[in-house]
Amino acid sequence: MTRRERRQILILALCAVVFAVSLSLIFTQEKDKLDREFGSMITGSLNLHIQHNAEEIGQTIIDVGRAMQVAEKTLHMVDQTPQDFFRQRNAENPVYAVEYLTKAQMEGGGLSALIEDERGKAVWKLANGRELMCRIHYDEASSAYYLSVIMPLKEGGIPGALYSSVSIEGLLRETSESAVYQDVQSCFVTDDGTLIFNTFRPEEKGDLFKELENYGVPLEEIGRVRTIIESPEVDSIILAVKGETYFISAARLEQSGWILVSFARGPEALAHSENIFTSVVYTSALSILLTTAIGSMGLFLFLSGRKLLQKEQEYGAALSQRLKAMFEQHSALKVVFDAESYKIVDANPSLLEYFGYTREAVLGQKIHEFTVLSPEIHDERLRKELNREAVFSASPYRLKNGEIRYMDVHASVVQDGENKLIYAILFDVTDREKFREDLVQEKERLRITLQSIGDGVVTTDSRGVITSLNSVAEKLTGWGSDQAVGRPFADVFILKNEESGEPVENPIQRVLETGLIIGMANHTELVNRQGKCISIADSAAPIKTADGQTFGVVMVFRDVGDEKEHNRQIEFLSYHDCLTGLYNRRYIEEAMNCLDRAEHLPISVVMADVNGLKITNDVFGHKAGDALLLSAAGLMRRCCGQDAIIARWGGDEFVILMPRTSLQTAEEMTMEIKHTPIVIENGSLSLSLSLGCACKDRLEGSIHAALQQAEEYMYHQKLLEGKSYRSALISTLLITLYEKSNETEEHSKRIEKYCHAIGRRLQLSSKEMDELSLFSLLHDIGKVNIDPNILKKPGTLTPEEWEEMKRHPEIGYRIAQATPELATVADLILSHHERWDGKGYPRGLKERAIPLACRILSVVDAFDAMTNDRIYRQAMTAGEAVLELESGAGTQFDPKMAELLIEIIINEEK
């Protein structure tokens, strides 16, 4: 081999070495670049993957929460128990099944199966209106793991909570959509690294940082893992452990405070990049062909990586295009506005068309410009929606034409580079809110109507369980609505027959069985909660759906106790005298028809009349007359047998029917009545009865004929005894007058003396002189009914007392009118206090319009009063009295009568 050839071979070998080294260097450089680009692509894709998983989990939790919120609102609008409602609801909508947890279950340990928390603390959180993320638990029936969310009932006064579960499968996917990596493992951890759940060993718990340390991860790298877990944003790192490359991403779940952490192993090309590099260097040194092959392989990998990256970029562009199409072409109303200034950044065509604005008119405007709510209220409701504290529902918005429409708003915060935006979707719920308002108004009208009516109203469901009571029903039953609602009808309404005491058939059950309107039987009474029996009348009717299905019963009832008592009183009064309590004329006439049969013979009839009732009423008032009638009724009750029927026949007349009683027995009974002394009106009056008796002892006659005969005998006796009774009555009245006042019999005699003296000078007839005598005796008879304290008062009378005193002429007039023997002096008694000048009383008669006897008595009575001692003054001398008479002549006294009396007095003095 020539030197040249050797040089050429050496040059070629050197060139091959340089070429191999160059290829190796180029490959190593490109491999490092490819590693960085591919690693960045994988971490970015993993970040998208974990963010997508976190958003999907968050959206699922939001959907579950909204499902529970909708279920809660619907629960308050239906007439069902929570258990029945959720059983029916879950059958119709099994995707997000919602379960009901009572307050008792919560406090009694029902939360322990759902929440890894102290029971009391969990209950406290729920009581303060906070939603709770529950533990992830394994369901053996479905062989799957579930995440549960529990929410307190916040409205309507129903105690308890709702909870719903969703399967973890499908929420934590193990592959990326671009298939860049496989076998993604995920876990949920807390800020301190506590493992809540992991997909690689679901049954195990522990500490993530301890697990990494046990796996051989250096503490420095564990610190990097801790950093991305504590980061509020989605973040990732790449770890090289034991010759393997791991990509780790972490994202925070806003709803629970947990952190979602995902792990993925890198592809083989990256996992063995150092081996590949060493192999390329060695093989390049051996052969240019091998180096070329390795270079080609490196170029192929590089191009493949670039192609894969380009594919991911194309996927991102396609995704962006799809999202833009969804925003621009979707029929839902969508708007994007700045989270700080609330200025609108973008709005889709559907929203612009709905509100009636152009895009230019909307962009840059604050969202507050289109809502009726104040900015403060709108922002507060939006904040609660973003924090998932409350649903932003039924908010009023104003269209360009001025129309107000109600919208449900679903909003979330999105990050656009450095800008934080709020993405909101609006749904028109005006019709729903109008229906809700109509439903609320109708329900309120029904409630007010039920509370306003005077009858008790109770409603039940199809099982006979009480669903409502109005206030009247509460009062009658003694049960409050909060105590009775939810109880069976028969537990609250204890019904029985008021006569037999037997239970009454349940009207609610009967309506449910027959579907007909049922009326309560007579004599039904309700035993209320306090044990009081109340007579009621009621009716029960079915409550039906539009297709005729009965889903409840309404019963209307009222207290008829007062009504029955009133009817009993009416019935009593229709056959009884309201004053004496004896039977009345109607009853006795019906009784006579019933007794007019042979088995009741002989039948004796007694007719009785109370003497002096009219004068008693006139003198002592109707109260004394009533006492007289009651005394007569009591006397007859005591003297008659139990079989006797006693009735008040008229004003002062009584009838006694005595079946199977002979005339002799009846007459003995009348004599007993007649001779039994009865004193009334504080001893001033005594009872006097006129009695007549007859008997029907044969079937041919009639009781009415016997009654007529008894009445004739009674009137005959009344004629015989009437005059003596009236005389005794007048004497009694005079004695009473002398006892009650300062009037004396001597006063009457002196008046009579001087009146006769004047009468003789006037040459009056003997009849007129007799009237003067009677008039002198009885002129002040009316004082018998005046208060004795007024009559004997030593001082001046008050105006009221003087008015009472001025009544005695009228009282005396009525007494005289009621007595035939005194009727001639009745007008004189009425006018004996009239004055010559017309200033007297009671009629204000003047001069000769005053009867002569009254003018005579006036001057004589004044003289006697002045010359005799009175309680209020001492007596005058005759001379002083004459001067007073002269002074009053022509004003108080008839001048002629005064002159005649003065002459008589002077002559007496001489």
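**Figure 1. Contacts across the sequence in the whole chain.** Among contacts in the protein chain with a separation of 6 or more, 54% join residues 24 or more positions apart. This is a predicted model, so please read each view below with that in mind. The protein chain has 910 residues, and 42% of them count as buried. Its secondary structure comprises 32 helices and 28 strands.

**Figure 2. Helices α31 and α32 side by side.** Here we look at helix α31, residues 878-888, and helix α32, residues 895-909. Their axes come within 10 Å and cross at roughly 165 degrees. Angles over 145 degrees count as roughly antiparallel, and α31 and α32 are therefore roughly antiparallel to each other. Their crossing is left-handed. On the α31 side, the contact is made by A878, V882, L885 and E886, while α32 brings A898, L901, I902, I905 and E909. Sorted by class, the residues of this contact of α31 with α32 are seven nonpolar, two charged and no polar.

**Figure 3. Helix α21 against helix α22.** Residues 622-639 form helix α21 and residues 663-674 form helix α22; the two pack with axes 10 Å apart, at an angle of about 140 degrees. The pair α21 and α22 is therefore oblique. Seen as a crossing, α21 passes α22 in a right-handed sense. L635, M636 and C639 of α21 meet M669, E672 and I673 of α22. The contact of α21 with α22 has five nonpolar residues and one charged residue, with no polar ones.

**Figure 4. Helix α24 packed on helix α25.** Which residues do you see where these two helices touch? First, the geometry: helix α24 (residues 745-761) and helix α25 (residues 766-778) have axes 8 Å apart and pack at an angle of about 155 degrees. That angle makes α24 roughly antiparallel to α25. The crossing of α24 past α25 is right-handed. As for the residues, α24 supplies S748, I751, E752, C755, H756, G759 and R760, and α25 supplies M769, L772, S773, S776 and L777. The classes in the contact of α24 with α25 are five nonpolar, five polar and two charged.

Figure 5. D861 sits in helix α30, which spans residues 852-866. Is D861 buried or exposed? With a relative accessible area of 16%, D861 is buried, the cut-off being under 20%. Setting aside neighbours within four places in sequence, D861 is in contact with H747, I751 and H779.

**Figure 6. E525 in strand β20.** E525 is found in strand β20, residues 524-527. A relative accessible area of 11% makes E525 buried. The C-alpha atoms of E525 and N497 are separated by 6.2 Å, and these residues are 28 apart along the chain. Not counting residues up to four places away in sequence, E525 touches I494, L495, K496, N497 and E498, together with C533, I534, S535 and I536.

Key
Residues numbered from 1 in each chain as written. Predicted model: local features only at pLDDT ≥ 70, side-chain atom pairs only at ≥ 80, totals over all residues. Heavy atoms only, no water. Helix = DSSP H or I, 4+ residues; strand = E, 2+ residues; numbered from the N terminus. Buried < 20%, exposed > 50% of the residue type's maximum accessible area, 1.4 Å probe, protein only. Contact = heavy atoms within 4.5 Å. Axes fitted to C-alpha atoms, helices over the stretch in contact; angles between N-to-C directions. Parallel < 35°, antiparallel > 145°, perpendicular 65-115°, else oblique. Left-handed = near helix turned anticlockwise from the far one by under 90°. Nonpolar A, V, L, I, M, F, W, Y, C, P; charged D, E, K, R; others polar.
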